[in-house]
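Reader: I am new to protein models and would like to learn how to read one. Could you take me through some features, giving the general idea before the case?

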Amino acid sequence: MPSIISADPTPAADRRERSDRYARPDGSAVRLRSIRPSDGDELLALGDRCSDQTIYRRFFSPRRALTPDELTRLVTVDHHDREAVVVIIDARIAAVARYDVTHPGTAEIAVLVEDAHQGRGLGTLLVDELVARARANGIERLEAETMADNRAMLAVLQRTGLRSASALTDDGTWIVTLDLVR
Ligand SMILES: CC(C)(COP(=O)(O)OP(=O)(O)OC[C@H]1O[C@@H](n2cnc3c(N)ncnc32)[C@H](O)[C@@H]1OP(=O)(O)O)[C@@H](O)C(=O)NCCC(=O)NCCS
């Protein structure tokens, strides 16, 4: 399948409320924008469309219902220490990625692309966007926890072209650290 995403044409400055279009070969488009507090229902619907494997790879646990507080936290970000971006396709959230600062200068990232849209460049698009936003906010490192057999996520991280270091955890997952400074 051909790549559906063109390069981001806009500068990094103040992407917060931006809503860009990305051309697809068939003439339709996907849109990337910041998450909004009103996205709760759409985020739940996204989860319902995902396979159990996709949910497990994202949350490292089987599917379960989110509490209202958890959902509120997922859709409420400060655009500095906590950021989240979504891709809209056909008026639905098809993918979401976020970072949360865990220590000064370090944030953890997580990405979810619904099964029907995986392998089409959305994960790469979202991680590139998070890298740009994190840099603009002075974050120096992004950490991603991924299962050892998650070749798609490992490829997405490698495609950033950033210097990286990987550490194997006792649980058999990898923590990949991307260096945003050098
Ligand atoms: C991991 C994930 C975010 C990747 O997003 P994506 O949109 O599917 O990935 P992309 O289309 O941007 O592909 C990026 C690279 O991964 C490769 N890739 C995609 N799917 C793959 C697969 N199933 N197996 C191996 N490589 C794969 C692509 O070929 C591409 O590499 P290339 O440039 O060398 O060709 C997505 O598959 C997903 O949401 N998975 C479930 C949740 C998850 O694993 N999250 C990560 C932990 S938080």
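**Reading the model**

Author: Let us begin with a helix: in α5 (151–159), the residues Met153, Val156 and Leu157 are buried. These three lie on the same side of α5 because they cover an arc of only 95 degrees around the axis, the arc being that of the directions from the helix axis to the C-beta atoms. A residue is called buried if 20 or more other C-beta atoms lie within 10 Å of its own, exposed if 12 or fewer do, and partly exposed in between, with C-beta atoms placed from the backbone. Helices (H or I, at least four residues) and strands (E, at least two) are DSSP runs, numbered from the N terminus. This is a predicted model, in which local features need pLDDT of at least 70 and side-chain atom pairs count only at pLDDT 80 or more, while totals for chains, interfaces and linings use all residues. Residues are numbered from 1 along each chain as its sequence is written.

Reader: Which exposed residues does the face of α5 turned away from its buried side carry, and what covers the buried residues?

Author: That face carries Arg151, Ala155 and Gln158, which are exposed. The buried residues of α5 are covered by elements including β5, α4, β6, β7 (164–168) and β8. After α5 comes Gly161, with a positive phi near 75 degrees.

Reader: How many helices and strands does the protein have, and how far may I trust the model?

Author: There are 5 helices and 8 strands, and along the sequence they follow the pattern β-β-α-α-α-β-β-β-α-β-α-β-β. The protein averages a pLDDT of 88, and 85% of the residues score at least 70. Over residues 1–19, however, pLDDT stays under 50, and for that stretch the model has 29 contacts beyond four places in sequence. Two residues are in contact if their C-beta atoms, placed from the backbone, lie within 7 Å. Of the contacts in the protein with a separation of 6 or more, 58% are between residues 24 or more positions apart.

Reader: What should I look for in the largest nonpolar core, and which residues have the most contacts inside it?

Author: In soluble globular proteins, nonpolar side chains tend to be buried together. A nonpolar core is a set of buried Ala, Val, Leu, Ile, Met, Phe, Trp, Tyr and Cys residues joined through C-beta atoms within 7 Å. Here the largest such core has 35 residues, and Ala95, Ala97, Leu126 and Leu142 are those with the most contacts inside it. Among the elements that each supply at least two residues of this core are β2 (29–34), β3 (82–89), β4 (92–103) and β8 (173–179). The largest share, 7 residues, comes from α4. Leaving aside neighbours within four places in sequence, Ala95 has contacts that include Val86, Leu112, His117 and Leu126. In the protein as a whole, buried residues make up 26% of the 182 residues.

Reader: Which residues come nearest to the ligand, and which element gives the most to the shell around it?

Author: A residue is near a molecule or strand if its C-beta atom, placed from the backbone, lies within 6 Å of it. Of the 22 residues around the ligand, those that come nearest are Arg57, Gln118, Gly123, Thr124 and Ala155. Two or more residues of the shell come from each of α2 (52–59), β5, α4 and α5, and α5 gives the most, with 6 residues. By class, the shell has 9 nonpolar, 8 polar and 5 charged residues; Ala, Val, Leu, Ile, Met, Phe, Trp, Tyr, Cys and Pro count as nonpolar, Asp, Glu, Lys and Arg as charged, and the others, Gly among them, as polar.

Reader: Where is Ala91 placed, and what is the value of its phi?

Author: Most residues other than glycine have a negative phi, and most peptide bonds are trans. Ala91, in the loop between β3 and β4, has a positive phi near 70 degrees, and Ala91 counts as exposed because it has 7 C-beta neighbours inside 10 Å. His79 also has a positive phi, near 65 degrees, and is found in the loop between α3 and β3.

How values were computed. pLDDT is the predictor's confidence in each residue, from 0 to 100.
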